[in-house]
Amino acid sequence: MSLVRLIGAEARLLAKRSYSSAAVPTTKLFIDGKFVESKTTEWIDVHNPATNQVVTRVPKATQDEMRTALESNKKAFKSWSNQSIVSRQQVMFKLQALIKANMGELAKNITQEQGKTLVDAEGDVLRGLQVVEHCCSIPSLQMGETVANVARDMDTYSLVVPLGVTAGVAPFNFPAMIPLWMFPVAITTGNTMLLKPSERVPGVTMMLMELLNEAGCPPGVVNIIHGQHDAVNFICDAPEIKAVSFVGSDTAGKYIYERAGKNGKRVQSNMGAKNHGVVLSDANKENTLNQLAGAAFGAAGQRCMALSTAVFVGEAQKWIPDLVERAKKLKVNAGHVPGTDVGPVISAASRQRINDLIESGVQEGAKLILDGRQITVPGYEDGYFVGPTILTDVTPSMKCYTEEIFGPVLVILNADTLDDAISIVNANPYGNGTAVFTTNGAAARKFVNEIDAGQVGVNVPIPVPLPMFSFTGTRGSFRGDHHFYGKQGVKFYTQTKTITQLWRETDVTHTQAAVAMPT
Ligand code: NAD
């Protein structure tokens, strides 16, 4: 049977499989290549954000279960790290094909647990898949260096070797992409990984584990635990875990960076954002407004690279009413309904927090020119919906500006000049992404040079780099040294061993110990 047909059969199999038992829908742990029912007494309900129905219950793994998972990672590291690098590469080739073949099923699960539209959920899987594809090139990225004859008959070479057991802690907003930023890079470089998906969207990670098994990855190379603070503390404290990848909020990111760091671990922590789109009056108006509306309200504003803030410079301010017209046309509905542009936000608590931040803007003097708070979606009255919302006349001291809203809300500031706009962006503590919209090359170049953000778009609203580069948020949006995926991802999950060796055809016998440095 050809690989393609085999994958097709596997796709149908996966579609029928359930990760929850029929009577009590529960999400399993994944330990040593097996899906295991937790013995915990503490469970977290996962709701479909469009309906408020409970779709599964996630266990808070017990200390014993987390220890068992870690022991399995430790044991697997011994053989996995010694397996040939091309055999690890082969697992990635197979995983790549399996993810592609199962894209639709993976996306359905994301829409059910996270709420985003099906098209957007496929994008979530695709951007993670691209990391898997890049991992197929790790054998050439993990090469060391050699210098022959550093002294007579002496050579020095370096090996780029894995760290050991690593860990990942993921957020809710990209249920597939972010786990796929983590475990493929970690394991292809020879590590094993203990992964904790977001307790709010665990399903697609479990499906990826099924695919990883089918791709021939040995048991224990990746283990999955579920939970909240106890699981995170276990990861930060376990001495066997050498490195932690985190993506999520500031509170959790700073906490993990400090706690794991104190325990001597390497940490990469991607946190919150407030991404500004700067609009100059010489920009292509149609494209700019469409891009702004898409980047502000797509995925209900729950992207770390969403353009949640716009700075309109000078005459461009006259375009704001046209932006409102575009935002009004976006269809708010359940993510699985065809034609939906904006799905629900993740939870009732999140909706409340978003609505409160909108209200705070109004109280502090901003103008609410589009209010999505009162929206009801026929057939989904219990869903957690917020319609596209626009606040203008926002100033940098307002709470709706200083806090990450993480909902379909665009806050708009005005600036007289490009210099003023750059100052506004650079004064904001976050440094994830930003974009300028202009047809003036010199203005674009000035923006690129002077802006202090890790990812810059020029007429590109969401400039997320493909995985041959790295995801390079800075300042308040990132703590750590090496970023996610790309060459920096390989650096994060590896260390260098430098070997200096002396091989001489005729052995020389030293008659006394040399105590001085060789000169
Ligand atoms: P979150 O911080 O609530 O959760 C992320 C993970 O941390 C989860 O696995 C959760 O169980 C754990 N966690 C939550 N609170 C914790 C705490 N106090 N201590 C220890 N662990 C804790 O984040 P979220 O709401 O799932 O995700 C949204 C956030 O993630 C937004 O702030 C968004 O900007 C950010 N994000 C950033 C990037 C980036 O690349 N910079 C990408 C995606 C999301």
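Predicted model: local features only at pLDDT ≥ 70, side-chain atom pairs only at ≥ 80, totals over all residues.
A polar contact is a pair of N or O atoms within 3.5 Å.

Start with Arg 200. One of its polar side-chain atoms lies 2.8 Å from an oxygen atom of the ligand.

| Residue | Protein atom | Distance to a ligand oxygen atom |
|---|---|---|
| Phe 172 | backbone N or O | 2.9 Å |
| Asn 270 | polar side-chain atom | 3.2 Å |

How much of the ligand does the protein bury? Taken alone, the ligand exposes 840 Å², and the protein buries 90% of that.

Now look at the shell. It holds 27 residues, and Ala 170, Glu 199, Ser 249, Met 271 and Glu 404 are the closest. By class, 14 are nonpolar, 9 polar and 4 charged.

Where do shell residues come from? Helix H9 (229–237), strand E10 (241–247) and helix H10 (250–262) each give at least two. Domain 1 (22–271 + 485–497) and domain 2 (276–458) each contribute at least three.

Methods:
Residues numbered from 1 in each chain as written. Heavy atoms only, no water. Near = heavy atom within 4 Å. Polar contact = N/O pair within 3.5 Å; in protein donor to acceptor, adjacent residues only side chain to side chain. Areas by Shrake-Rupley, 256 points an atom, 1.4 Å probe, with all protein chains shown as cover. Helix = DSSP H or I, 4+ residues; strand = E, 2+ residues; numbered from the N terminus. Nonpolar A, V, L, I, M, F, W, Y, C, P; charged D, E, K, R; others polar. Domains from an automatic or database assignment.
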